[in-house]
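I opened the model to look up a few points about its fold and packing. My entries follow in the order in which I made them.

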Amino acid sequence: MPDVLGWRAKFGVLAPSTNTVVAPDFARMAVPGVTTHFGRIHIRDQSMNDDDAMDRLLQQIRAEIAAACQRVTTCEPDYMVMGMSAETFWGGVAGSRRFVEQIRDLTGLRVATGAEACRRALELNGARRIGVVTPYQPIGDENVVRFFGELGFEVAAIEGLCCRTAVSIAHVTEDELRAALRRVDGEDVDALVQCGTNLSMVRLADEAERWLGKPVIAINAATWWMALRDNGIDDRIEGAGALLREH
């Protein structure tokens, strides 16, 4: 029987327990008949103040993700959405594909990831040379650069904000993000990409596209766009960037 609220699609969403941005972002981009149902990945140690700490954070996610999948699939979702992004870039293209296969094996469902959504968005816009903003430590930025490089994109500049904890990512202000966007932009940069689902960037990216005159891809908007379009849902959404408004 169709779900009375999610009559078009029910999305299972995996997000770290420390993430306070992705759920509100998805809610503000909601369309009728599509509902989101979160499985939280328990983060016991939220420190990410250096490369080793960030690696330990990813290890926690890997240890907990199967249990989170098991919990969220009890609501019988139609599709999975990743409310985290670092792990979807880790290990380059091969690592990203292994991650997708893991979620499919655990849930039996297709999945939208931030890494794949960014690839699709960049190719749709014909972008090759990009600037990137992340909340990560250098080890995270290295994996982002590797992923895009293996796909043939050139990362002209990347700025990792080196957030000290998983929760403090959500404390980064729009002023700080605006300055970071300007630092990784340039006349020879085709598009800007923001990674990190706990960075609040959807509204700012929509505005930045107007004053920069180029695509600014906020990862939560791109992932939501991929999830909707993969499920044949073509609703246009205002205030979340050109991807959701025009494509």
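**Domains.** I looked up the contacts between the two domains: 34 residues of domain 1 are in contact with 36 residues of domain 2, where contact means heavy atoms within 4.5 Å. Domain 1 covers 9-113 + 221-236, and domain 2 covers 116-219; such bounds come from an automatic or database domain assignment. The centres of domain 1 and domain 2, taken over C-alpha atoms, are 19 Å apart. About 3,000 Å² is buried between domain 1 and domain 2, and carbon and sulfur atoms give 62% of this area. Buried area here is the accessible area (1.4 Å probe) that two parts lose on being put together, summed over both.

**Basis.** I noted that this is a predicted model, in which local features need pLDDT of at least 70 and side-chain atom pairs count only at pLDDT 80 or more, while totals for chains, interfaces and linings use all residues. Residues are numbered from 1 along each chain as its sequence is written, and side-chain values use heavy atoms, with hydrogens and water left out.

**Core.** Which residues have the most contacts inside the largest nonpolar core? They are Leu14 and Phe148, in a core of 88 residues. Domain 1 and domain 2 both give residues to this core, so it lies between them. A nonpolar core is a set of buried Ala, Val, Leu, Ile, Met, Phe, Trp, Tyr and Cys residues joined through side-chain atoms within 4.5 Å. Buried means under 20% relative accessible area, exposed over 50%, and partly exposed in between (1.4 Å probe, protein chains only). I listed the contacts of Phe148, leaving out residues up to four places away in sequence: Phe89, Cys118, Leu122, Ile130, Phe153, Val155 and Val193.

**Sheet with S1.** I traced an open sheet of four strands in the order S2-S1-S3-S4, with parallel pairing. Strand S2 (34-41) and strand S4 (111-112) stand at the edges with a single partner strand each, so one side of each is left without a neighbour in the sheet. Helices (H or I, at least four residues) and strands (E, at least two) are DSSP runs, numbered from the N terminus. Two strands pair if DSSP finds at least two bridges between them.

I then went through the pairs. S1 and S2 pair over eight bridges, and Val13 has Phe38 as its bridge partner in S2. S1 and S3 pair over four bridges, with Phe11 opposite Tyr79 in S3. Strand S3 (residues 79-82) and S4 pair over two bridges, where Met80 stands opposite Val111 in S4.

Is strand S1 buried or exposed? Eight of the eight residues of S1 (residues 9-16) are buried. Ala9, Phe11, Val13 and Ala15 point one way, Lys10, Gly12, Leu14 and Pro16 the other way. In a regular strand the side chains alternate between the two faces of the sheet.

**Crossovers.** S1, H1 and S2 make a right-handed β-α-β unit. Right-handed means that, with the strands pointing away from the viewer, the path from the first strand over the helix to the second runs clockwise. I also checked strand S5 (residues 129-134) and strand S6 (residues 154-160), which pair in the parallel sense over six bridges. The chain crosses from S5 through helix H6 (residues 138-150) to S6, and this β-α-β crossover is right-handed too. Val132 stands opposite Ile158 in S6.

**Helices H8 and H9.** In helix H8 (residues 202-212), I found Val202, Leu204, Ala205, Asp206, Ala208, Glu209 and Leu212 buried. Their cover includes helix H1 (22-28), H7, strand S7 (191-194), strand S8 (216-218), H9 and helix H10 (242-246). Just after H8, Gly213 takes a positive phi of about 70°. Thr223 is in helix H9 (residues 219-230) and is buried, at a relative accessible area of 1%. Not counting residues up to four places away in sequence, Thr223 touches Val81, Met82, Ala112, Thr113, Gly114 and Ala117.

Where does Glu76 lie? Glu76 is in the loop between helix H2 (51-72) and S3. The phi of Glu76 is near 60°, and Glu76 is exposed, with a relative accessible area of 60%. Cys162 has a positive phi of about 55° and sits in the loop between S6 and helix H7 (174-184). Cys162 is partly exposed at 35% relative accessibility.
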